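This report describes the fold and selected local features of one protein chain. The sequence and the model are shown first, and the description follows.

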Amino acid sequence: MKNFRVLIENHLNSFRTILLGFLLLILLGALLLWLPFSSNNGQSVPFLDAMFTATSATCVTGLVVFDTASQWTIFGRSVILLLIQIGGLGVATAYVATLMLTGKRVGLMARVFMQDSVSAPQLGGIAAFTKFFIKGTIIVELAGFLLLLPVFIGDFGMWRGIGYALFHSISAFCNAGFDLLGGQVPFSSLTRYADHAWVNIVIVLLILIGGIGFFTWRDLLENRFDFMRLRLQTKVILMASAVLLVVPFAFFFLVEFRGVPGKERALLSLFQTVTPRTAGFNTADYNAMSEAGVLVTILLMLVGGAPGSTAGGMKITTVSVMFLTMRAGLKGKTDINVYDRRIEGDTIRNAFLLLSIYLSLLIMGALAISVVENMPVLTAMFECTSALCTVGLAMANIFEMHAVSKIILMVLMYIGRVGGLTLAYGLLTSPKKETGRFPVDKMTIG
């Protein structure tokens, strides 16, 4: 019992360390971006805006108050890129990787820290997984860099092309959504490449690989893509991902972009299906979308990617568990079964707890921003969902927002990156053992 209590306390300490680690990284990034030589005009930006940019980069969101290409020097862009890389991998991964590189022992606390950071299913093998995570990141980002290199060198010249290819490969894999393509048209994101098949496909693949999670990829590689031998979580992620690719693509293709010519229509539909979960790039103007298209995008942002990935949102597994619970309830079943396996009660409770946290934060944030900015509630909900789910898509001009609205969005980005459950567990004072149970009484539902 004592060892169990120590382990629980280690988990609580790790949650608090995650919260503090991201906060310190944001503050450091804000101070560096606040320096005069971080800006192209040689003047310090307002500290709140530096803080907003650092929060967005660290939380791999992509919401910006300044156009990244126009505002920041090479030093400023390098700071943003470093924040994206560390924020995408997680402060725990960076810490454990540092221990390994320096030859130091990865102790129990560090292993628990890493497990809680990436939502690992078990403590054993976490050091080996960290190595796999880091090697996989380097390989995928290098591949993305090489694939984007010919296009960007052709469009921007040798040295800018190299820098742009590296920046966008890391930003896409980390699902960050920061870009350097607004030099001519600020905040244009990837709209200039809306009909460029090569750039679209490379960016989409980087987003999907980063968003599906390294636990999924390791399981696939270890079992040689044999579906029957995969873990339950991997099966659920793959099937849900397939549905979330096919159904939204059909909607965008048949409804939202039906007036656009063939190839561009398909590329627009594919990109706007993938980017809300949770990359933040865009090749279409969301202000020109129908309300139905905006609502579908909000729902995709809420879902997000897989656990242990660079993506945000409530996660595919959370939404899948809620759907399976609803399906079982409609069929009058007590157990939640899928692929000949039963989902445990704690998983179901955590899923609905996370849903409650996200919806509460979104409603409060959207109402507050709607009142402060005199903004339509749907637009405010879009901005808040984008922040909380660390997406980075925007319909409003954040630079012109009131300081209160910027602070609300920063808080949402921070909570979205560290995770609602991490925040909840991190605020717990100490583990408490339940010594008894109250009598049962009836309550009517519905």
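## Packing of α7 against α9

In this predicted model, helix α7, which spans residues 126-156, packs with helix α9, residues 197-212, at an angle of about 170°. The axes of these two helices lie 10 Å apart. An angle over 145 degrees counts as roughly antiparallel, so α7 is roughly antiparallel to α9.

On the α7 side, the contact is made by Val140, Gly144, Leu147, Leu148 and Val151. Helix α9 contributes Trp198, Val199, Val202, Ile203, Leu206 and Ile209. Sorted by class, the contact of α7 with α9 has 10 nonpolar residues, 1 polar residue and no charged residues.

The whole structure contains 16 aromatic pairs. One of the pairs is formed by Phe132 and Phe214, whose rings are 5.8 Å apart, centre to centre, with 90° between the planes. This pair is edge-to-face, because planes over 60 degrees apart are classed in that way. Phe132 belongs to helix α7 and Phe214 to helix α10 (residues 214-222), so that the pair links parts of the chain 82 residues apart. With a relative accessibility of 24%, Phe132 is partly exposed, whereas Phe214, at 5%, is buried.

Phe152 and Tyr193 form an aromatic pair that is also edge-to-face, with 5.9 Å between ring centres and 85° between the planes. Phe152 lies in helix α7, while Tyr193 is in the loop between α8 (158-173) and α9. These two residues are 41 residues apart, and their pair links distant parts of the chain. Both Phe152 and Tyr193 are buried.

## Packing of α16 against α17

The axes of helix α16 (residues 377-388) and helix α17 (residues 403-418) cross at roughly 40° and come within 7 Å. Helices α16 and α17 are therefore oblique to each other.

Glu383, Cys384, Ala387 and Leu388 of α16 make the contact with Leu409, Leu412, Met413, Ile415 and Gly416 of α17. By class, the contact of α16 with α17 comprises 7 nonpolar residues, 1 polar residue and 1 charged residue.

## Cysteines and disulfides

A disulfide is a covalent bond between the sulfur atoms of two cysteines. With a cut-off of 2.5 Å between cysteine sulfur atoms, the count comes to 0 disulfides. Cys59 has a relative accessible area of 0% and is buried. Cys384 is likewise buried, with a relative accessibility of 0%; this cysteine is one of the α16 residues in the contact with α17.

## Backbone features in loops

A cis peptide bond, with omega about -5°, joins Arg277 and Thr278. Thr278 is located in the loop between α12 (262-274) and α13 (291-303).

Two residues other than glycine have a positive phi value, Lys315 and Tyr339. For Lys315, phi is near 90°. Lys315 sits in the loop between α13 and α14 (316-330), and its relative accessible area of 19% makes it buried, because the limit for that class is under 20%. For Tyr339, phi is near 50°. Tyr339 occupies the loop between β1 (337-338) and β2 (341-342) and is partly exposed, with a relative accessible area of 34%.

## Surroundings of Ile336

Ile336 is placed in the loop between α14 and β1. At 6% relative accessibility, Ile336 is buried. Apart from its neighbours within four places in sequence, Ile336 contacts Leu324, Thr325, Ala328, Arg341, Arg342, Ile343 and Ile348. Between Ile336 and Met326, which are 10 residues apart in sequence, the C-alpha to C-alpha distance is 9.2 Å.

## Overall composition

The protein has 18 helices and 2 strands. Of its 446 residues, 53% are buried. Among contacts between residues at least 6 apart in sequence, 68% join residues at least 24 apart.

Note on methods:
Residues are numbered from 1 along each chain as its sequence is written. This is a predicted model: local features need pLDDT of at least 70, side-chain atom pairs count only at pLDDT 80 or more; totals for chains, interfaces and linings use all residues. Side-chain values use heavy atoms; hydrogens and water are left out. Axes are lines fitted to C-alpha atoms, for helices over the stretch in contact, and angles run from 0 to 180 degrees between N-to-C directions. Helices (H or I, at least four residues) and strands (E, at least two) are DSSP runs, numbered from the N terminus. Angles under 35 degrees count as roughly parallel, over 145 as roughly antiparallel, 65 to 115 as roughly perpendicular and the rest as oblique. Contact means heavy atoms within 4.5 Å. Ala, Val, Leu, Ile, Met, Phe, Trp, Tyr, Cys and Pro count as nonpolar, Asp, Glu, Lys and Arg as charged, and the others, Gly among them, as polar. Buried means under 20% relative accessible area, exposed over 50%, partly exposed in between (1.4 Å probe, protein chains only). Rings of Phe, Tyr and Trp (its six-membered ring) pair if their centres lie within 6.5 Å; planes under 30 degrees apart count as stacked, over 60 as edge-to-face and the rest as tilted.
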